[in-house]
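Biologist: I'm new to this one, could you walk me through it?
Modeller: Gladly; have a look at it first, and then ask whatever comes to mind.

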Amino acid sequence: MNIETRKLTLADYNDLKESMQQAYDTLGGQIWSKSSIERLLKLFPEGQLCIAVDDKVVACSLSIIVDYDEYGDKHTYKNITGDYSFSTHDSEGDVLYGIEIFVSPEFRGLRLGRRLYEARKELCESLNLKSIIAGGRIPRYHEYAATLSPRQYIDKVKAKEIFDPTLTFQISNDFHVRKVLKNYLPGDHESKDYATLLEWNNIYYQGIDASARSAKTIRIGLVQWQMRLFPDIEAFYEQVEFFVDAVSGYKSDFIMFPEFFNTPLLQPYNHLPEMEAMRKLAELTEEIVQKIQEYAVSYNVNVISGSMPILENNKLYNATYLCHRSGKTEEYRKIHITPNEQKYYGMVGGDKIQVFDTDCGKIGILICYDVEFPELSRIYADQGMQILFVPFLTDTQNGYTRVRRCAQARAIENECYVAIAGCVGNLPKVNNMDIQFAQSAVFTPSDFAFPTNAVKAETTPNTEMMLVVDVDLHLLDELHHFGTVKILKDRRTDLYEVRLLK
C-alpha cells in the first residue's frame, strides 16, 4: 500500500466523486460538482489537499482564506463560502477556513484524517495565518438531544464520557470549540442542525504586518541605577538621557529604570519631615514623565520610567509610567504599599490591574513589593502577558532576596519572562534613602528551551551598569503548548480560581 499526501488536481475528480458519495451517504449523498472543485483549484490551489492510496484519492481537505473579522462567529456555512461560490476567498486574509474534510469509510482505520489535519496546520504556518477555523458536525448528538443541550453534549465529549466520531477526533488534533452554531449546515439531522465552531491557533503567527514585532525576539535594556546627588534637575535629566541613548544604540525595544530612581532629587527637601519631602518630590513627577516621554519618542524605545511619587486628591501614590515610543503614556500605581512607605510617606495603594498592549506584545508591570503577591501576575497571565517588568528598590540583601526569588517564581508559574531593575549604592543627605542593594536580571521559565538555572542574564551586584537582553516570545508559545509541564493549562480551575474583583 502506497499512501501519499499531496495537492488535489482536477484529474482526481472521478476518484474524489466516488469517495465523496461514500462519505456523504448520511447527508443525502450531496457532493461537490466538478465546476466547484475547478474553481477552488484556480482560486487557492495550495489549499486543496488530498490523500491517495495506491494512486487513488480516498480522502480530501478543502479550504479557503478569509478575513475573519468580516464574518465573525455567527456566520453560516453558506455565508462563509459565498453561497458555495468561494467568492469570500481573500488571499490577504488572516484565517485558513476549512470548508471540507472527509475520508472514504473504507479507509478510516488508517488515520488519514490526522494526516490531512497536519498538512493543513503546516499550510497555515507556512502562509503565516492566524488560525484554522471550521464548522464541525456532532453526528451522535441526535442520540442524546432529548437529555443534553449541545453544550452539555460537547462537555461530555471533551471529558471522554461520550465518543463522537467527528468532535472527538477534532479535539484530539488540538482544535478547541469556540462557539456552538445553530443552522450552520441545514439538513444535518444527525447533529440536530447544530455545529461546533472549531479553532486551531498558529502559535508561530507573526501578524499581518511583521514589523509590528508581536511575536519576535524582543530586546530589553535594564538600568542598574547608581544613587548620586545632582546639583539640579538638568543634571538628573542628563543621566537619564545618557542611559536611554546608550540602550537605544543597541536597538532595544524597552528600557526600564528602577523604583524611586529619582529620589536623589529629595536632597533640597531633606530638612522637611519625610512625608512632606516626598510630597514636594511629587510636584516634579509630571515634568519628569513628560521629559522621559520625549526621550522615548526621539530615541525610539519604550521606556518604563522606574517609579515616582504622585499626589492626587491629597493621596500619595507610588507610580510608574510606560512611555511608548509611539508617544502614548500609560500609568501603573503600586498596589501593595510596604510598611516603610506607609510609615514614612503615608502612601496608599492603587487599584487598577491590567496588562499593557505594546508594539512588542502584551506586558505587565509590578512595582517591587507587588511581585511578592502571586495573584497579580496570575491575573496578568490570564490577560495574555508575555513579559513582566518589575522596577524595585531594596536596602538589604534580605529584601532583595525576597524580590528576586518571587520574581523567579512568577516567571515559572506564569510561563513568562520577568525583568527586574534596582538602584545601587548610597545616598547621603537624603533621609530614609541612605543605602541600596540590587542585582538586576531577566528570569525565564524553567524548561529545556531556557537556561538551566532559569536566569537569562544578570548584572554584577551593586555596580552601576546596564543589561541588554534578548528574549524570544516564540519560546513562550512553544512552552505553553508543548512544554514538559503546562502550568497555565493544568490549573484545576474546577477547584480554585484567581479573579479580579473590580
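**A first walk through the chain**

Modeller: Let me start with leucine 49, which has its place in strand 2, covering residues 49–53. Please keep in mind throughout that this is a predicted model.

Biologist: Is leucine 49 buried or exposed?

Modeller: Leucine 49 counts as buried, because its relative accessibility is 8%, and the cut-off for buried is under 20%.

Biologist: And how far is leucine 49 from leucine 473?

Modeller: Their C-alpha atoms are separated by 31 Å, and along the chain the two leucines are 424 residues apart.

Biologist: Let's step back, what does the chain as a whole look like?

Modeller: The C-alpha trace spans about 90 × 50 × 40 Å along its principal axes, and the secondary structure comes to 13 helices and 21 strands. Of the 502 residues in the chain, 51% are buried.

Biologist: Which domains does the assignment give?

Modeller: The domain assignment gives domain 1, residues 3–201, and domain 2, residues 216–482. Taken over C-alpha atoms, the centres of domain 1 and domain 2 are separated by 49 Å.

Biologist: What does UniProt list for residues 218–473?

Modeller: The UniProt record, which is an unreviewed entry, lists residues 218–473 as "domain: CN hydrolase". In the model, that stretch is 29% helix and 29% strand, and its end C-alpha atoms are 7 Å apart.

Biologist: Switching to strands, how many residues of strand 17 are buried?

Modeller: Strand 17 runs over residues 417–426, and nine of its 10 residues are buried, so the strand is largely enclosed by the rest of the structure.

Biologist: Which strands are joined to strand 17 by bridges?

Modeller: Strand 16, residues 387–392, is joined to strand 17 by six bridges, and the two run parallel; here phenylalanine 389 has alanine 419 of strand 17 as its bridge partner. Strand 8, residues 217–226, also runs parallel to strand 17 and is joined to it by two bridges, with glutamine 226 partnered by valine 424.

Biologist: Why does the second largest pocket lie between the two domains?

Modeller: Domain 1 and domain 2 both give residues to the lining of the second largest pocket, and therefore the pocket lies between them.

Biologist: How many cavities of 30 Å³ or more are there?

Modeller: The structure holds one cavity of 30 Å³ or more, and the space in the largest cavity comes to about 70 Å³.

Biologist: What lines the largest cavity?

Modeller: Its lining residues include Leu266, Tyr269, Asn270, Glu274, Met278, Tyr345 and Val430, and by class the lining has seven nonpolar, two polar and one charged residues. Helix 8, which covers residues 274–282, gives the largest share of the lining of the largest cavity, namely three residues.

Definitions and conventions:
Residues numbered from 1 in each chain as written. Predicted model: local features only at pLDDT ≥ 70, side-chain atom pairs only at ≥ 80, totals over all residues. Heavy atoms only, no water. Domains from an automatic or database assignment. UniProt positions renumbered as here; feature names shortened; annotations may be inferred. Helix = DSSP H or I, 4+ residues; strand = E, 2+ residues; numbered from the N terminus. Buried < 20%, exposed > 50% of the residue type's maximum accessible area, 1.4 Å probe, protein only. Pairing = 2+ DSSP bridges. 1 Å grid on protein atoms, 1.4 Å probe; cavity = no way out; pocket = protein on both sides within 12 Å on 5 of 7 lines; lining within 4 Å. Points joined across faces, edges and corners; volume = space filled by probe spheres on them. Nonpolar A, V, L, I, M, F, W, Y, C, P; charged D, E, K, R; others polar.
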